[in-house]
Amino acid sequence: MKARVKLPDCFDKLLRSQLETAIYESVLDREDTIIATRYIIEKTPQIEIAAELGYERSTISRRINKFLPRIINTIIKLNLH
């Protein structure tokens, strides 16, 4: 059974280019940008991202929970929703 990626509804209607813009404009650090891209755009489960980067899944989860509100706020500010 493959883990599922569950994102807030505001991400569902955005194009890939809009998601890329929101991530870029959120000014995340390099690793958070990688995590955000893999998780939000590529829909890669947290456990796979953790394995690729050498972290625990819980660390990836904490980082996502930290930057996700920032990306949502950027989506709102850029009126991408």
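Q: How are H3 and H4 oriented to each other: roughly parallel or roughly perpendicular?

A: Two packed helices are described by the angle between their axes and the distance between the axes. This is a predicted model, in which local features need pLDDT of at least 70, side-chain atom pairs count only at pLDDT 80 or more, and totals for chains, interfaces and linings use all residues. Residues are numbered from 1 along each chain as its sequence is written, and side-chain values use heavy atoms, with hydrogens and water left out. Helices are DSSP runs (H or I, at least four residues), numbered from the N terminus. The axes of H3 (residues 46-53) and H4 (residues 57-77) come within 8 Å and cross at roughly 110°; axes are lines fitted to C-alpha atoms over the stretch in contact, with angles from 0 to 180 degrees between N-to-C directions. H3 and H4 are therefore roughly perpendicular to each other (65 to 115 degrees).

Q: Which residues of H3 and H4 meet?

A: Contact means heavy atoms within 4.5 Å. From H3, Gln46, Ile47, Ile49, Ala50 and Leu53 meet Arg57, Ile60, Ser61 and Ile64 of H4.

Q: Which residues of H3 are buried?

A: Buried means under 20% relative accessible area, exposed over 50%, and partly exposed in between (1.4 Å probe, protein chains only). In H3, Gln46, Ile49 and Ala50 are buried. Seen down the axis of H3, these buried residues fall within an arc of 100°, so they line one face of the helix; the arc is that of the directions from the helix axis to the C-beta atoms. They pack against H2 (30-41) and H4. Exposed Ile47 and Ala51 are on the face turned away from the buried side of H3.

Q: How many salt bridges does a search of the whole structure find?

A: Side chains of opposite charge can pair when their charged atoms come close. The criterion for a salt bridge is a side-chain nitrogen of Lys or Arg within 4 Å of a carboxyl oxygen of Asp or Glu. The search finds 6 salt bridges.

Q: What does Asp32 pair with?

A: Asp32 and Arg63 meet in a salt bridge at 2.7 Å, N to O. Arg63 lies in H4 and Asp32 in H2, so the pair ties together parts that are 31 residues apart in sequence. Both Arg63 and Asp32 are buried. Arg63 also forms a salt bridge with Asp29, at 3.7 Å between the closest N and O atoms. Asp29 is partly exposed, with a relative accessible area of 43%. A network of salt bridges links Asp29, Glu31, Asp32 and Arg63.

Notes: Helix = DSSP H or I, 4+ residues; strand = E, 2+ residues; numbered from the N terminus. Parallel < 35°, antiparallel > 145°, perpendicular 65-115°, else oblique.
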